[in-house]
Amino acid sequence: MKALKISGSILGLIFGISLLTAAGCATKGVQPEKLGAQLWGENCVRCHNAPNPQAFSDAQWETATMHMRVRASLTADETEKIVAFLKMAN
Amino acid sequence: MKNMAVICTCILLFLGGGLFAQEENELTEITTRLNELKPGKSRFMMRGYAHSGLEIYENSSSFVGGSFNPIFLWQQSERLLFEGELEVELEDGQTVVGLEYANISYILSKAAILRVGRFLLPFGIFGDRLHPRWINRLPTNPLGFTHDAQVGPTTDMGVELRGGMPMGTGKINYSLYIVNGPTLNEGMVDAEEGGQLHYANYNDNNKNKAVGGRLGILPLNNSSVEIGFSGQRGKVGDTDSEYADVSATMLAVDFSMVKNLTALNSVLDVKAQWNQVSVSDASYISPEDPTGTTEYTFENKSNAWFARAALKPAYVDNAVLKNIEFTGRYSRMTLAEGAAWATDQTQITFGFNYWLDWRTVIKFAYQINDTAAESDHGEGGGRTTGLTGGGAEEAAGGHGEPSGNAFFVHWSIGF
Amino acid sequence: MKSRNTLLLMAFASVALLLAASTPEEKTSGTAAGEKWVAPASADKIKNPLADNAKAWKRGKKTYDAMCAICHGTKGKGDGIAGMALKPRPADLTSKEVQSQSDGAIYWKLTTGKPPMASYKALLKDKQRWELVNYIRKLKK
């Protein structure tokens, strides 16, 4: 019975998230206006020091940033801008 | 004269043409060479981290070999990523290689990533994000967050859906997963361990899968604060055993904040997490009865939490001080009161770090361990205390004895 | 026993710190003695086309807040959160060292870049870069 309740609430959560996703797309928050440099600084320091852009090549940054998109749940928009910044600044 | 002029012009044109042709050839060659170097769509990258150090206990001290954790990243396309981490450690003179995780992520859409395999569970933030040695600001893991004494899961096998998206002026991120889940130690082999959970199992002991997830909220526009709520639930007993219906419900709350304190010319980094594991009531063989026929029961609920702060005076003028970071952590672990393995421990760890660059650090720390309440079952309690000493390596503390206080000097590097 | 350990650790800590503090990396720090980032003499001759524009810095501030503040700090003191572990550290734009340079030299530096400082030649229009120069002047102590 309890398991059912949990499953129910998780399904509800999925539904809620889908709704939020839709809402997120519709209402353009302040986040999308930010630039790569700022997003790089703000997001990396959530866990570790902001990396020196010179640490990796353009191709390596693509892989490293994708890894962090998964691990730190960066948004798609943030990931794209951070990669662009790192490639420019390395 | 006129003829001469014509001839000169012809020669110049010829030479000019020749020069132009030569430039064109060079350009073609450079382009060809550059194309040879162009990276392919599939990318391979090795990252990871390593650490070692010196640990000084009350009656002994030891240089510890530490560990070396290579992370293999294989990006097949813009949507597909494989990540695998090994942990290579020295343990009792032997090289031990462990598989931390190995999984495939597939980007389904802007806000959804599917992950399958063995992965770090986003049950709170310590296991998922903060445990790598160059990210964890202290040389040790908090009580209840070590390989030896775990309150709450860190890795498991299964399927996960996760992602992040903007919301209002902030962001949210989520994860939902189905995994094998922990298994229950029925105490058949060692009665003193009856009721404990074993995490990170490669094979499940029942048909029931554990379901869990985390919701992270970043209310501020600059991503500096995050509050997370995690939960996981599933049956833990063996199918067909008397424990078949025993289940575990786990909860976690985490907090993260990174703030620039302009007045102090410093950056403050605060991280905290609280875990609770409740296993439904069941009877286990009493370790006090040598015949093994008496059963006993207890409220199988364990807690672990920590709060850690790091203050880095990064913007002061002093060349040494600006690379230093002061650290402090409090952690407490309370294991099932009334159980043979019950314990109530607190730990205070404090020290400072010296950052050589953004991913290389030397950590100095002093750790004070305190075991408050021994279990009613006496010896059993002491045993668990030893297991959960909290020393990073337990090289000197050893299993079976409380680790006591200790100094740590560790260096760690991320790459 | 304990006090001996303490002493041992203290000694070790001091030695390690001294060693760490004298690593060659320190010498590349922009503000420390050693190799400095100097714009070529030709840069000093570039004329600031917005020199007489009293309002250009306002647009420069917008660009600064969005792109530069994360490292150089909201007030230009080199105390942005992303810069805290970079080598060299981001320059303190309010300092005499920066402010004594010509408009042309500052323009040249933010156009050219020197990692970890990015080049903004492609990302910002010529005019935007001069607006930034005007705003950096406003940051003077």
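The dialogue below takes up chain C, then a cavity, then a helix of chain A.

Author: Please keep in mind throughout that this is a predicted model.

Reader: How many helices and strands does chain C have?

Author: Chain C has seven helices and zero strands. Its order along the sequence is therefore written α-α-α-α-α-α-α.

Reader: Which residues of H7(C) are buried, and against what do they pack?

Author: The buried set consists of Arg129(C), Trp130(C), Glu131(C), Leu132(C), Val133(C), Asn134(C), Tyr135(C) and Ile136(C). These residues pack against three helices of chain C: H3 (56-67), H5 (96-99) and H6 (103-112).

Reader: Is H6(C) mostly covered or mostly exposed?

Author: H6(C) is mostly covered, with seven of its ten residues buried. They are Gly104(C), Ala105(C), Ile106(C), Tyr107(C), Lys109(C), Leu110(C) and Thr111(C). Their packing partners in chain C are helix H2 (41-44), H5 and H7. After H6(C) comes Gly113(C), whose phi is positive, near 75°.

Reader: How are cavities found, and how many of 30 Å³ or more does the structure hold?

Author: Rolling a probe the size of a water molecule over the atoms shows where empty space is left. In this structure there are eight cavities of 30 Å³ or more. The largest cavity has about 480 Å³ of space. Its lining counts 31 residues, and those closest to its centre are His48(A), His67(A), Met68(A), Arg47(B) and Trp134(B).

Reader: Which elements supply the lining of the largest cavity, and what classes of residue does it have?

Author: At least two lining residues come from each of H2 (36-44), H3 (58-71) and H4 (76-89) of chain A, and from each of strand E1 (43-57) and helix H2 (126-130) of chain B. H3(A) gives the most, with six residues. By class, the lining has 19 nonpolar, seven polar and five charged residues.

Reader: What can be said of H4(A), its span and its packing?

Author: H4(A) has 14 residues and should span 20 Å at 1.5 Å a residue; its end C-alpha atoms are 20 Å apart, which agrees. Its buried residues are Ala76(A), Glu78(A), Thr79(A), Ile82(A), Val83(A), Phe85(A), Leu86(A) and Ala89(A). They pack against H2 and H3 of chain A and also against strand E7 (170-179) of chain B.

Reader: Is Asn43(A) buried or exposed, and what is it in contact with?

Author: Asn43(A) lies in helix H2 of chain A. With a relative accessible area of 7%, Asn43(A) is buried. Apart from neighbours within four places in sequence, Asn43(A) is in contact with Leu74(A), Glu78(A), Ile82(A), Lys171(B) and Ser223(B). Two of these contacts, Glu78(A) and Ile82(A), are also among the buried residues of H4(A).

Notes. Residues are numbered from 1 along each chain as its sequence is written. Chains are lettered from A and ligands numbered from 1 in the order in which they are written. This is a predicted model: local features need pLDDT of at least 70, side-chain atom pairs count only at pLDDT 80 or more; totals for chains, interfaces and linings use all residues. Side-chain values use heavy atoms; hydrogens and water are left out. Helices (H or I, at least four residues) and strands (E, at least two) are DSSP runs, numbered from the N terminus. On a 1 Å grid over the protein atoms alone, a cavity is a set of points where a 1.4 Å probe fits but cannot get out, and a pocket is an open set with protein on both sides within 12 Å along at least five of seven lines; lining residues have an atom within 4 Å of a point. Grid points are joined across faces, edges and corners, and a volume is the space filled by probe spheres set on the points. Ala, Val, Leu, Ile, Met, Phe, Trp, Tyr, Cys and Pro count as nonpolar, Asp, Glu, Lys and Arg as charged, and the others, Gly among them, as polar. Buried means under 20% relative accessible area, exposed over 50%, partly exposed in between (1.4 Å probe, protein chains only). Contact means heavy atoms within 4.5 Å. The expected span of a helix is 1.5 Å times one less than its number of residues.
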